[in-house]
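Please look through the sequence and the model below before reading on.

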Amino acid sequence: MSAAVSATRRQQTVSAWIFLAVPVALFAVFLLLPVVMAVGLSLTDYAVIGDFEWVGLDNYARIAGDPIFWVAVRNTALYTVLYVPAGLVVALGTALLLNRSTRTARVFRTLFYIPVVSSTVATAAIWFWLLNPQYGLLNAALGWVGIDGPAWLYESRWAMVAIVMMSVWAGFGANMIIYLGALQGVPGELVDAARVDGAGAFRVFWHVTLPAISRATFLILTLLLIAAFQVFDQAYVLTKGGPGNSTLTLVYYIYDRGFGRLEMGYASALSFVLFLVILVFSVANARITGRENDR
């Protein structure tokens, strides 16, 4: 009997490795190998055309003294500070409003999710119209209340705000779905007990609902942080990094150096630095949020 069980386990183990072989191979070829190659290229002056030489850590030393790199860092940090809280609040607020089983709620869930699966070009076309300083809908709405709207995409102080608004609108639907799943898992007896004890709607939310969905909040916060550091499409389509480099982000700068100026070695070094930044912030977020969940 034991021999038959051992044979069955061996067969299951072999089958498991066979099924894992394909995704592991795809992971190695399309993710792990490019990462290793990028690290290697970051130590060279590879420029696509012509031969390249080994330069060691010169590219990384160059990054430290590159003023445009620090402009991109500052812009990315500003985008992160604006985008992450806004994305979190909008997704949670929308999920709270639509956390009900009515036909209207289901319709709005679908409508709010549509921008997530829409192309960036289509989304940008909509926002070009919305943000147009002369006949855009947003400035028209501001004019109805006596506010003279700015030239959103053509003023340095407003261009990043415009990109943040587009990003939040285009991506909050996915995070809303995550929050809806978490909200539907909140124990109803805890909510009822809090209400019996005299807690109002805000106290129920703050002391019962919010702690119960803390894991979903951690997941969404991590996704928003990673997305913020990797922002590219919005800046590329709407502003091309302008005006005056006010929307030049890290990923856009990497793209410009690698594909615009063919400095692949330097772009690889920039990519590796960005990877380390995302890793540090993700680990820090995991530890801080983990401590909050353990309390």
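A residue is called buried here if its relative accessible area is under 20%, exposed if that area is over 50%, and partly exposed in between, with a 1.4 Å probe and protein chains only. The model is predicted, so that local features need pLDDT of at least 70 and side-chain atom pairs count only at pLDDT 80 or more, whereas totals for chains, interfaces and linings use all residues. Residues are numbered from 1 along each chain as its sequence is written, and side-chain values use heavy atoms, with hydrogens and water left out.

Rings of Phe, Tyr and Trp (for Trp, the six-membered ring) are taken as a pair if their centres lie within 6.5 Å, and a pair is stacked if the planes are under 30 degrees apart, edge-to-face if they are over 60, and tilted otherwise. By this rule the structure holds 18 aromatic pairs. One of them joins F69 and W70, whose rings are edge-to-face, with 5.0 Å from centre to centre and 75 degrees between the planes. Of these two residues, F69 is buried at a relative accessible area of 6%, while W70 is partly exposed at 46%. F232 and Y236, by contrast in geometry, form a stacked pair, with 5.3 Å between centres and 20 degrees between planes. F232 has 17% relative accessibility and therefore counts as buried, whereas Y236, with a relative accessible area of 29%, is partly exposed. F232 and Y236 also belong to one aromatic cluster together with Y252, Y255 and F259.

How does its extent relate to that of a compact globule of 295 residues? The radius of gyration is 24 Å, against the near 19 Å that such a globule would have, taken over C-alpha atoms and with the globule rule set at 2.2 Å times the number of residues to the power 0.38. Along the principal axes, the C-alpha atoms fill a box of roughly 85 × 75 × 35 Å.

Of the 295 residues, 35% are buried. Among contacts (heavy atoms within 4.5 Å) between residues at least 6 apart in sequence, 67% join residues at least 24 apart.
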